[in-house]
Amino acid sequence: MDDEEFGALYDALKRPVHAFAARRVGPEAAKDVVSETFEVVWRKRDEFPPDRAAWPAWVVGIAKNKVLQELQRRTRKHHDNRFAQDWTVEPVTDDTSHSVLDSVESQQIYRELTPAEKHLFDVAFFRDLPPSQAAAVLGISTSAFTTRVSRLRQRLRDLSEATGVPGPRPVADTEERIS
Amino acid sequence: MSTGGRDDHAHVDELEAFRREAAALGFDDGQDVDEARLESADDFIARMRSAAGDERPSSRRRARRVVAAVLAVAAGVAVFFGVAHRQDAAVAESLPSLDYEFASAVRIAYAGGEDPRTTLDSLAAAADADAADPDEGSGAVQYKQSDSWFAEVDEDGSSSIVPRVREAWLAPDGSLTTRETLGAPLRADGRGAAPVRPDRPDAVDERLPAGTVDADFARSLPTSPARLADALLDHIECESRAVGPVRSMCLYREVVSLFETHVVSPELAAATWRMLRDEQGFVSLGSVKDRAGRAGLGLSIIDPENGRYRYILIGDPSDGQMLGVEEILIKDDPSLDAKAPTVTAFTAFLESRYVKDVPAG
């Protein structure tokens, strides 16, 4: 991967990676996740597969690990109780859906999802990831991924109704296929 | 970015429908992230290449400019104001930033840092504890030893980073005797600051007359944080008293000057950290090993005028004293021959105590 290719990949994915991370660790820490993710990409740029379509999945996989490390760091530091942010700003939990980028209503819905649903949501909502690669990130087949996404759509509609958040008009599958 | 064309339409349609519905619920997929919040690709690539040492300017002309600028600073009393007066020095070689807990070297330009209150409280508490059994020496002369750096040009035009070890004796009458010598070059990790060597082959002495410095300044300062702030703002004739960036930078500069020049009692050190607790703009960078390899806690403030410099204080968690100060260029400055981020100055405080005599000249 040369500088031009790396720059194009960075420009295409830095904002989705930020949104992906912000949902879990907050927008400020998400900036670090973006940097750390692409620092790894930079170091491994010669190891990326020749098929460019596969690059976003690599980046998401790295970002997923960086988010996990950040959550572990917070947990570890919380136990140390040495520095200030642990004590005031953010409770240590895997449910830190406090991104300022998502609407308040959507954050409310996200908080209701189970950990597994959140993980599925984060990967599925990452734009630029086609189904086969999103499935690969999750370690499941494309068919299983699509089935779970279908269930997640229904789950979001149910939560939308339960929480009083105005939901989207369901998109008819047939209508989609025709268009 | 292409998404490839191998996925069956049914899978693609289902996923796209999910994304549209989630977006309609208010989930953000990154389209609305403010571009300015994230580094540009060019800056990111430049940073990575810089961190890897791919770009190491070393022209003879540039190195000479560095030496001239640093010597100009070192020659005068302005050295007491340290980092605040070295902004016009260009930089020929890059000095590695230290790795802070909340701001690694490669992210030093933009790491946000964390709430400083616990760090400041910790340093103040350490100073309080030290007050019970202070190790300030004995005598009436304030002795300070520090290690800074500058660039040295060899005959072949190459330059290297060399620390300057400085000793200063401040007598009760305000006369000041300084002795400077060259130390060993720093290691690749930017550490290696060390106490003065006994032989001191290149020592340069300077004696400034009585009344040059107010020797009682530190002892005259109140230890109430609010009153201390007032006294320091008076001393520097700060243009703003209102809590905000101008006031914070005034206090930063006064704190640096205080610790560079005077032996600071544990009580005053504790008051200093507590004073900064109520000021705006300071963040904690967390734990760090300083240039001399000592454990420290970093605090930082970014120059509010143009955001080009990050100023750092490193406190000693064992006794609340100041271990050092650093100045980092974090945005390119057209007037400087340097690429951000780069450390433009550091001083490590190595000794601070009272002694009985000023050495004979």
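This briefing describes aromatic ring pairs and the charges placed over rings. The model is predicted, and across all of its chains the count comes to 18 aromatic pairs.

**A pair within chain A**

- A:Phe6 and A:Trp42 form an edge-to-face aromatic pair, with 5.1 Å from centre to centre and an angle of 85° between the planes.
- Because A:Phe6 belongs to helix α1 (residues 3-25) and A:Trp42 to helix α2 (residues 27-43) of chain A, the pair ties together parts that are 36 residues apart in sequence.
- A:Phe6 is buried, having a relative accessible area of 0%, and A:Trp42 is buried as well, with a relative accessible area of 6%.

- A:Phe125 lies in the loop between α6 (115-124) and α7 (131-138) of chain A, while B:Phe27 lies in the loop between α1 (9-25) and α2 (41-51) of chain B, so the pair joins two chains.
- Both of these residues, A:Phe125 and B:Phe27, are buried.

**An aromatic cluster**

- A:Phe6 and A:Trp42 are also members of one aromatic cluster, which they form together with A:Tyr10, A:Phe38 and B:Phe44.

**Arginines over ring faces**

- A:Trp42 has A:Arg45 lying over its face, at 3.7 Å from the ring centre.
- In chain B, B:Arg291 lies over the face of B:Phe346, at 4.8 Å from the ring centre.

Conventions:
Residues numbered from 1 in each chain as written. Chains lettered and ligands numbered in written order. Predicted model: local features only at pLDDT ≥ 70, side-chain atom pairs only at ≥ 80, totals over all residues. Heavy atoms only, no water. Phe/Tyr/Trp six-rings, centres within 6.5 Å; stacked < 30°, edge-to-face > 60°. Helix = DSSP H or I, 4+ residues; strand = E, 2+ residues; numbered from the N terminus. Buried < 20%, exposed > 50% of the residue type's maximum accessible area, 1.4 Å probe, protein only. Lys NZ or Arg CZ within 6 Å of the ring centre and 35° of its normal.
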